Amino acid sequence: MTGAAGHGSGLFGRLGILGVDHVAVTTSRFERTLADYLSMPGARLDRGPGWNPTQHVDFAFVVLDGGPTVEILGLRADVASPIEKHVKRGGGAYHVCYVVKDIETALAEIEDAGGLVVTPPTPDVAFNGRRIAFFVHQAHGLVELVEAG
């Protein structure tokens, strides 16, 4: 493990990450899960609920008081979706999304580091048209990137 001197040399340091946008959870009970998150003291709805036609999921973003933003992703019956397998295994924590200044540069770094881009930069309704991308990396699992607004 390296200290502060090696801070920028790791994969995330090379991606141009500006911060964490959200952590995502999946569920087969969207309304109930949303209500549970909103029941926390100080929690507030930031975006949604809505339907994301690109990802085929219901979505809502809940800002937790003093904590991260949580994106709740719901699976609809009889709708094929990228979250389907995860939900069938019980759902829950799914990915972390990072804001990056240059999504193309970040994805080139991912590929150089042996990661696999599973969703190329795509405009997304949940982010008011800002582009998102997903990649998988052996050390980090599924990760989402969203370009800075």
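Leucine 116 is exposed, because its relative accessible area is 54% and exposed means over 50%, buried under 20% and partly exposed in between, with a 1.4 Å probe and protein chains only. This residue is found in strand E6, residues 116–123, where strands (E, at least two residues) and helices (H or I, at least four) are DSSP runs numbered from the N terminus. Together with Val118 and Val136, Leu116 makes a nonpolar surface patch of about 240 Å²; such patches consist of residues with over 30% relative accessible area and no salt bridge, nonpolar side chains (Val, Leu, Ile, Met, Phe, Trp, Tyr) being joined within 5 Å and like charges within 9 Å. A salt bridge here is a side-chain nitrogen of Lys or Arg within 4 Å of a carboxyl oxygen of Asp or Glu, and the accessible areas come from the Shrake-Rupley method with a 1.4 Å probe, with only the protein chains shown counting as cover for residues.

The model is predicted, so local features need pLDDT of at least 70 and side-chain atom pairs count only at pLDDT 80 or more, whereas totals for chains, interfaces and linings use all residues. Residues are numbered from 1 along each chain as its sequence is written, and side-chain values use heavy atoms, leaving out hydrogens and water.

Turning to the rings, the structure holds three aromatic pairs. Rings of Phe, Tyr and Trp (its six-membered ring) pair if their centres lie within 6.5 Å, and planes under 30 degrees apart count as stacked, over 60 as edge-to-face and the rest as tilted. Phenylalanine 12 and tyrosine 98 form a tilted pair, 5.0 Å centre to centre with 50° between the planes. This pair links distant parts of the chain, since phenylalanine 12 is in helix H1 (residues 11–14) and tyrosine 98 in strand E5 (residues 92–100), 86 residues apart. Phenylalanine 12 counts as partly exposed because its relative accessibility is 25%, while tyrosine 98, at 15%, is buried.

Phenylalanine 61 and phenylalanine 127 form an edge-to-face pair, 5.6 Å centre to centre and with 70° between the planes. Here too distant parts of the chain are linked, with phenylalanine 61 in strand E3 (residues 57–63) and phenylalanine 127 in the loop between E6 and strand E7 (131–137), 66 residues apart. Arginine 47 lies over the face of phenylalanine 61, at 3.8 Å from the ring centre (the criterion is NZ of Lys or CZ of Arg within 6 Å of the ring centre and within 35 degrees of the ring normal).
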